[in-house]
Amino acid sequence: MTDGVAGTAAENLAKAEALRARTALAGRWYSWYLVVLGLVSAAEITLVETVFAEGFARYLVIGAWSACLVLGSWWAARRTALPIKAGSCLIAAIAVWFGAYLLLVGPLVRWQFGTELLPWAMAALGLSVPFFIAAAVSRMLR
């Protein structure tokens with residue numbers, strides 16, 4: 001009883017599957033966005049805690065990192081598709097990253113190693129793990 005417009009159920013299912021696949025493909029960028037965000041944040045912590053530990057340059061690094069986040073967010077907002085729970089993954093990663101830096105890793109590494117580059121670089125990469133986990137979760141939810 002179709003009037004030729006709707007098509008058969010099998011055709012509709014095929015079209016729906018094609019649309020789902022196209023939407024999932026359009027959201028593939030998000031996991032890489034989270035990985036880059038984690039790496040940029042690791043670089044920011046490393047630079048702020050070692051190379052520019054004191055002085056005005058420290059604030060320039062923080063400003064450059066903030067500008068990267070704003071531009072990245074603007075770029076991400078312009079994408080055609082976001083994965084399911086994308087915002088939740090990002091907020092959780094940022095909260096864990098900042099909380100761990102502020103309350104645990106930052107004070108411990110500063111106390112034990114001062115401004116040594118290698119310990120801070122390793123700690124900063126470890127702090128970025130929530131972004132990498134969020135990237136994996138957002139990829140699994142596609």
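Reply: Happy to! The radius of gyration is taken over C-alpha atoms, and the globule rule is 2.2 Å times the number of residues to the power 0.38. A compact globule of 142 residues would come out near 14 Å, but the protein chain has 21 Å. Along its principal axes the C-alpha trace spans about 75 × 25 × 20 Å. Please keep in mind that this is a predicted model, where local features need pLDDT of at least 70, side-chain atom pairs count only at pLDDT 80 or more, and totals for chains, interfaces and linings use all residues. Residues are numbered from 1 along each chain as its sequence is written, and side-chain values use heavy atoms, with hydrogens and water left out.

Me: What elements are there in the protein chain, in order from the N terminus?

Reply: Helices (H or I, at least four residues) and strands (E, at least two) are DSSP runs, numbered from the N terminus. The protein chain has six helices and zero strands, running α-α-α-α-α-α.

Me: Why are H2 and H3 called roughly antiparallel?

Reply: Axes are lines fitted to C-alpha atoms, for helices over the stretch in contact, and angles run from 0 to 180 degrees between N-to-C directions. Angles under 35 degrees count as roughly parallel, over 145 as roughly antiparallel, 65 to 115 as roughly perpendicular and the rest as oblique. H2 and H3 pack at about 175 degrees, with axes 9 Å apart, and H2 and H3 are therefore roughly antiparallel. Residues of this contact (heavy atoms within 4.5 Å) include Trp29 and Tyr33 of H2 and Trp65 and Trp75 of H3.

Me: What makes H2 roughly antiparallel to H6?

Reply: H2 and H6 pack at an angle of about 180 degrees, with their axes 8 Å apart. That makes H2 roughly antiparallel to H6. Among the residues in contact are Tyr30 and Trp32 of H2, with Phe131 and Phe132 of H6.

Me: At which residue does H4 bend, and how is the bend defined?

Reply: The bend at a residue is the angle between axes fitted to the seven residues ending there and the seven starting there. For H4 (residues 86-113), the value is about 55 degrees at Tyr101. Gly114, with a positive phi near 65 degrees, follows H4.

Me: Which residues of H4 are buried, and what covers them?

Reply: Buried means under 20% relative accessible area, exposed over 50%, partly exposed in between (1.4 Å probe, protein chains only). In H4, the buried residues include Trp97, Tyr101 and Val105. Their cover includes H2, H3, H5 and H6.
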